[in-house]
Each structure stands twice: as structure tokens, then as C-alpha cells.
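Here are my notes for you to read alongside the model. Take them one point at a time and keep the structure open while you go.

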Amino acid sequence: MNTPLQWLPAQGEPAQLMVLLHGVGSSAQGMAPLAAQLQRAFPQAAIVAPDGFEPLDIDPSGRARQWFSVAGVTEDNRPARVAAALPALADWLRQTQARLGVGPAATAIFGFSQGAIMALELVQVHDGLAGRVLSFSGRYAALPEVAPALTTLHFLHGGADPVIPAQHARDAIERLAGLQGDATIDIAEGVGHEINGHLLQCALHRLTSHIPHRTWAEALGAAPARPRAGQPGEDADDDTCST
């Protein structure tokens with residue numbers, strides 16, 4: 001595995017860890033613009049962007065990376081491919097948290113496209129390994145049967161995405177609603193397969209204003225029934241960001 005790119009606080013120890021997972025055929029360097037914006041918004045965060053652990057199938061140079069192969073990928077075989085790639089990512093994340101002295105609750109994973117698939121499935125298998133997952137133009141390999149109890153999920157998607165249609169995000173939020181998951185969704189109409197400025201502002205808004213349901217439960221000393229994710233008028237679908 002290549003050495004990941006990282007951006008550390010100018011002074012003091014990191015207060016948060018933000019992990020950036022790129023899309024298929026890209027590399028850690030492709031996440032540098034996002035890292036620069038996050039660094040301005042969260043100066044005490046450690047921001048780390050690893051390269052996908054595999055070279056892209058069709059690039060013999062090895063510069064383009066992937067998390068799992070998409071050659072001949074189908075709805076049926078995608079879950080197994082993702083599952084096979086998850087142990088290495090989980091091990092890497094735990095090592096990175098230990099190295100930087102930041103725990104899971106203060107860890108946020110920003111995934112784009114294939115990187116978002118990995119992030120979503122990672123916290124399905126290892127609930128709470130990150131406190132937040134921000135899925136840009138992502139989807140589940142397979143819709144979950146159980147919602148994470150210790151990880152908050154934020155879906156951010158372009159309404160005109162031709163690669164991973166926004167319907168995948170809508171399907172995910174509907175499933176999580178039925179499972180009493182802690183999740184939000186923002187759809188930017190007319191936006192394609194990208195992290196555009198509006199969706200990034202939505203992500204920053206979610207990180208700074210959304211209080212996880214588990215935090216409310218702890219503060220109240222009980223575990224009341226959680227609001228259904230994505231229901232209009234609740235923080236799971238805040239009009240501040242949705243367009």
C-alpha cells in the first residue's frame with residue numbers, strides 16, 4: 001500500500017480524524033481539493049487520504065487505484081467483492097486512529113463513489129468504527145438489514161448523477177427509516193457525479209449541526225424511539241441543504 005496523503009493541524013494534537021476515500025480510477029491526490037476545504041473548516045482535524053489498495057484493472061501503470069474490481073461487476077457479485085476488500089480497510093483505519101491518537105467517535109469518513117460504497121459497508125460490518133460517514137454519490141452494495149447504532153450516515157448526491165443514480169440514496173434513506181437509523185439525505189438537483197460546492201456546504205452543515213440520536217438518548221438518560229430517518233420536517237431531511 002502506498003503512503004497516504006495527510007494534512008495535520010499546524011499546532012497541537014488532532015481533535016478529529018477525517019478520512020477521504022476516492023472513487024474508482026482515481027487516487028488519494030484526487031481528494032486533495034476536498035482536504036484543503038476541510039482543513040480550512042476544521043483546522044484541528046487530521047485529514048488522511050489513502051490510495052485504493054488495488055491498482056485499477058485497466059491501468060498497468062498502477063497510478064490509478066481501486067478498492068475493488070468493477071470488471072464484470074453485477075448487483076449479485078458486488079457485495080462479495082466489497083466484503084473481500086473490507087478487512088484491509090478496517091485494519092488500516094484502526095492503525096491510523098491509533099497512530100494519530102483519535103478515537104472512532106471523532107472519526108468521519110468522506111467517501112466518493114466507490115469510496116462511499118466502502119465507507120457505508122465498513123460501518124455495517126464494524127458499527128461505530130467511525131462516528132460519521134458522508135457518502136457522496138455513493139450506494140450500498142446491498143441494502144442493509146440492520147441500521148448502525150453508533151454511526152451517523154449522511155447521504156449527499158447529485159440529482160442528475162448518471163453513474164450512480166440518486167435513487168440509490170433515496171432507497172437507502174427509506175430502508176434506514178424503517179430500521180430507525182440515524183441518517184440524513186441531501187439531493188442537489190442538476191448536479192452530476194461529483195462533489196460540488198453546494199453538496200460540500202451541506203456536508204459541513206451536517207457535521208456542525210446534526211446531533212446524533214444516540215447523543216440525545218445519552219443526554220436524556222434513556223433511549224426513546226428515534227425519529228425515522230429522512231422524514232420531512234425532521235433533521236434527517238433539513239431544508240437548509242436540500243434543493
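1. Which strands does H2 lie across, and at about what angle does it run to S2? H2 lies across S1, S2, S3 and S6, and it runs at about 150° to S2. For angles like this one, axes are lines fitted to C-alpha atoms (for helices, over the stretch in contact), and the angle runs from 0 to 180 degrees between N-to-C directions.

2. Some ground rules before we go on. This is a predicted model, where local features need pLDDT of at least 70 and side-chain atom pairs count only at pLDDT 80 or more, while totals for chains, interfaces and linings use all residues. Residues are numbered from 1 along each chain as its sequence is written, and side-chain values use heavy atoms, with hydrogens and water left out.

3. Now the overall picture. The protein has six helices and nine strands; these are DSSP runs numbered from the N terminus, with helices being H or I of at least four residues and strands being E of at least two. Of its 243 residues, 51% count as buried. Buried means under 20% relative accessible area, exposed means over 50%, and partly exposed is in between, with a 1.4 Å probe and protein chains only. Among contacts with a separation of 6 or more, 68% come from residues 24 or more positions apart; a contact here means heavy atoms within 4.5 Å.

4. Look at the sheet next. Seven strands make an open sheet in the order S1-S3-S2-S6-S7-S8-S9, with mixed pairing. Two strands pair if DSSP finds at least two bridges between them. Strand S1 (5-7) and strand S9 (183-188) stand at the edges with a single partner strand each, so one side of each has no neighbour in the sheet. From one strand to the next, the twist averages 15°.

5. Helix H1 (residues 32-41) also packs on this sheet, where it touches S1, S2, S3 and S6. The direction of H1 makes about 160° with that of S2.

6. You can follow the pairing strand by strand. S1 and S3 run antiparallel and are joined by three bridges, with Trp7 opposite Ile47 in S3. S2 and S3 run parallel with four bridges, and Gln16 has Ala45 in S3 as its bridge partner. Over at the other end of the order, S8 and S9 pair in the parallel sense over six bridges, and His157 stands opposite Ile187 in S9.

7. Zoom in on S3. Is this strand mostly covered or mostly open? S3 is mostly covered, as five of its five residues are buried. Ala45, Ile47 and Ala49 point one way, Ala46 and Val48 point the other way, and all are buried.

8. Helix H3 (residues 114-125) has twelve residues and reaches 17 Å from its first C-alpha to its last, close to the 16 Å expected at 1.5 Å a residue; the expected span is 1.5 Å times one less than the number of residues. Ten of the twelve residues of H3 are buried, so the helix is largely enclosed by the rest of the structure. The buried residues of H3 pack against strand S2 (16-21), S5, H2, S6, S7 and strand S8 (152-158).

9. Now the aromatic rings. Rings of Phe, Tyr and Trp (its six-membered ring) pair if their centres lie within 6.5 Å; planes under 30 degrees apart count as stacked, over 60 as edge-to-face and the rest as tilted. By this rule there are three aromatic pairs. In one of them, the rings of Phe53 and Trp67 have centres 5.0 Å apart and planes at 70°, so the pair is edge-to-face. Those two residues are 14 residues apart, with Phe53 in the loop between strand S3 (45-49) and strand S4 (54-55), and Trp67 in the loop between strand S5 (65-66) and helix H2 (78-100). Phe53 is partly exposed at 22% relative accessible area, whereas Trp67 is buried at 2%.

10. Another pair is Phe110 with Phe136: their ring centres are 6.5 Å apart and their planes at 15°, so the pair is stacked. Phe110 lies in strand S6 (residues 107-112) and Phe136 in strand S7 (residues 132-136), so the pair ties together parts that are 26 residues apart in sequence. Phe110 is buried at 0% relative accessibility, and Phe136 is buried at 0% as well.
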